[in-house]
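Please look at the model below before reading on, and keep it in view while the report moves from one end of the chain to the other.

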Amino acid sequence: MFCTLADKVSWISLHALSDTAVRCTDKWEARSYVASKGLEEILVPVYGGPVSSVDALDFAAFPNRFVLKATHGSAMNYFCRDKAALDERDCRTQVKRWLKTTYGTFSAEPHYRKLPHRVYCEAYLEEDLMDYKIHCLNGKPSFILVCSRREGRHVQRDLFDPQWNRLQGLQSFRGHVSGAGQIKKPENLGQMLRIAEILSRDFAFVRVDLYNTEGRIFFGELTFTPVNGVFAGYSQEFLEEEGKKLRITNLEPVK
């Protein structure tokens, strides 16, 4: 019997993930999907790519501050805050490693194995950018994980419902810190939720990642199996309650 949100999301990823979801797992292709929904204005500007070879990277065309992102995996980002101080050799070495990595093989997320290995250059937005991860069930936002105060690979995590009421449901995870729920409600939260609803309509479950800087909303990515589909960092009770909301009985297994 499927009990938790993790159970149901894992079942979807193994048996019923649509071709559209697989395509949108690719960070570059997700941009096309966002544009097709009439939301092109929330896309972060790009300065090159996608390319499948490190030799095709044109650093001369990049701005002083930029981010290189792999299209086919997670945590494959290279942040350049000052191109004059860039260690280009180190950057190329990391990108080459990404391009050789089939992320889905070791993450146990088979849809990632279907993606072409590419990298592209995106604008650097700002330091300490707040990340709003809106988890949508059956086309409706259900809860929002806010990631802030990044220190290396550690972040502060706060959990809210769509009305910005603090939720109890986080637990220790990879050294991340649970916040006290004191993150200020964004003035344009309603707009963020509408965007998440538009982008989630085609999927039983998806996490819509958005950035919000100086009142402007930017698209991050679409994620169909957060934390490898096991939702580490959430309490069992919270995952059971969210699991009750996710309907999967109407999904047809993908052959």
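Thr-4 caps the N-terminal end of helix α1, with a side-chain oxygen that lies 3.3 Å from the backbone nitrogen of Ala-6. A polar contact here is a pair of N or O atoms within 3.5 Å, where within protein one atom must be able to donate a hydrogen and the other to accept it, and where residues adjacent in sequence count only if both atoms are side-chain atoms. This is a predicted model, in which local features need pLDDT of at least 70 and side-chain atom pairs count only at pLDDT 80 or more, while totals for chains, interfaces and linings use all residues. Residues are numbered from 1 along each chain as its sequence is written, and side-chain values use heavy atoms, with hydrogens and water left out.

Helix α1 covers residues 5–16, and its buried residues include Leu-5, Val-9, Trp-11 and Ile-12. The word buried means under 20% relative accessible area, exposed means over 50%, and partly exposed is in between, using a 1.4 Å probe and protein chains only. Helices (H or I, at least four residues) and strands (E, at least two) are DSSP runs, numbered from the N terminus.

Which residue is 237 residues away from Leu-5 in sequence and yet 5.7 Å from it in space, C-alpha to C-alpha? That residue is Glu-242, which is placed in helix α7 (residues 236–245). Glu-242 counts as buried because its relative accessibility is 4%. Leaving aside neighbours within four places in sequence, Glu-242 is in contact (heavy atoms within 4.5 Å) with Leu-5, Leu-137, Ser-142 and Phe-143.

Another buried residue is His-72, with a relative accessible area of 0%, and its place is in the loop between β2 (66–70) and β3 (77–80). The side chain of His-72 reaches the backbone oxygen of Trp-98 at 2.9 Å, and a polar atom of that side chain lies 3.3 Å from the backbone oxygen of Thr-101. Not counting residues up to four places away in sequence, the residues that His-72 touches include Trp-98, Thr-101, Tyr-103, Tyr-112 and Arg-118.

The backbone also deserves attention. The peptide bond from Gly-49 to Pro-50 is cis, with omega near 0 degrees, and Pro-50 lies in strand β1 (residues 46–51).

Turning to the whole protein, its secondary structure comes to seven helices and ten strands. With 255 residues, a compact globule would have a radius of gyration near 18 Å, and the protein agrees with this because it has 18 Å; this radius is taken over C-alpha atoms, and the globule rule is 2.2 Å times the number of residues to the power 0.38. The C-alpha atoms fill a box of roughly 50 × 45 × 35 Å, taken along the principal axes, and 52% of the 255 residues count as buried. Among contacts between residues at least 6 apart in sequence, 61% join residues at least 24 apart.
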